[in-house]
Amino acid sequence: MRITILFGGTNKERLVSVASAQALHRALPEADLWFWHVADTVHDVKSEALLNHQRPFEDEFDPGNRGIAFEAALDKAKAEDRVLVLGLHGGRAENGELQAMCEMRGIPFTGSGSASSNLAFDKTAAKRFAAIAGVETPVGIALDDIDAAFAEYGKLIAKPARDGSSYGLIFVNAKQDLVAVRNAAKSEEYLIEAFVSGVEATCGVLERSDGTIMALPPVEIIPGEGAFDYTAKYLLKSTQEICPGRFSPAITADLMDHAHRAHRALSCSGYSRSDFIVSAKGLIYLETNTLPGLTAASLYPKALKAQGIDFSDFLRDQIVLAEKRVDRRG
């Protein structure tokens, strides 16, 4: 099949997607490049244009040519027997809509399918399913109860319920922060939780083309300036990401077990990455990413490297897995 890296997207995580595509293309130099523009068009991109884009986390990518309508591009992918390597994050790329459009056409693609993508993208629903699997989750708070919860817990955290947490993350440390949450909740649904103190950690899970599923070494995160938001993830050099994390053998084993449980409970496929807080009372689950970042500096590739898995080998095996899934569906 013809390998095509699809990157960009119509949501606010499109900048990260460009950086992921750069890493993907270096690992798959033979792959075609398709850019999903905010105008909902898809554009052919030359290798040089992508690799020479110097500030992907800060500057918009310009494909420099006219594209075709997004659904027409998917029809083309089917007609030309393409397999899509998804260098996408958030929005319609991660909420299951893109996956459903591909599944209806029989187009193979990397990552989880439409149902599991939609479930994981809804943080409230994902927490319920993770809890069914025996994974501890933080206390949820209704918007109407935010004042009482702040008085009880002293510190809260709020984030978009159906989007990536890199953007829109609000730490409620003072009463004026309650106003910020209410204002943000006017434009999109917010998930509000009691703040849990502890060490931030994330753990990837990998499904191989032979059907085996394994958890990767956990990553310990020490955010620059205290919050692991977009700036801390991609722009601050003071953020530390240590893999394997400096956890005890028991905590490491628990992180890997809980990530594996979340992956299965949400019916993820291909690969996923679940985020946790290592608190004094144990592990607290935050969310699962079905399309985690794949930039040269992202957490999932760090975990692959720690496990001794070459990034290119990982991608090629995901392509085989994607093709097998289409064959099984017939």
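The buried residues of helix α11 pack against β10 (199–207), β11 (213–215), β14 (271–279) and β15 (282–289), contact being defined by heavy atoms within 4.5 Å. The structure is a predicted model, in which local features need pLDDT of at least 70 and side-chain atom pairs count only at pLDDT 80 or more, whereas totals for chains, interfaces and linings use all residues. Residues are numbered from 1 along each chain as its sequence is written, and side-chain values use heavy atoms, with hydrogens and water left out. Helices (H or I, at least four residues) and strands (E, at least two) are DSSP runs numbered from the N terminus.

The buried set in α11 comprises T252, L255, H258, A259, A262 and H263; here buried denotes under 20% relative accessible area, exposed over 50%, and partly exposed the range in between (1.4 Å probe, protein chains only). Viewed down the helix axis, the buried residues of α11 fall within an arc of 140°, and they therefore line one face of the helix. This arc is taken over the directions from the helix axis to the C-beta atoms. On the other side of α11, P249, A250 and R264 are exposed. Helix α11 has 17 residues (residues 249–265), which at 1.5 Å a residue should span 24 Å, in agreement with the 24 Å between its end C-alpha atoms; the expected span is 1.5 Å times one less than the number of residues.

Backbone geometry was examined in the loops. Most residues other than glycine have a negative phi, and most peptide bonds are trans. The peptide bond from C243 to P244 is cis, with omega near 0°, and P244 is found in the loop between β13 (240–242) and α11. S267, in the loop between α11 and β14, is not a glycine but has a positive phi of about 60°. S267 is exposed, with a relative accessible area of 53%. D81 likewise has a positive phi, of about 55°, without being a glycine; D81 lies in the loop between α3 (70–79) and β5 (82–87). Its relative accessibility of 44% places D81 in the partly exposed class.

The second largest pocket holds about 230 Å³ of space. On a 1 Å grid over the protein atoms alone, a pocket is an open set of points where a 1.4 Å probe fits, with protein on both sides within 12 Å along at least five of seven lines, and lining residues have an atom within 4 Å of a point. The lining includes E136, F195 and K281.

Definitions and conventions
Points joined across faces, edges and corners; volume = space filled by probe spheres on them.
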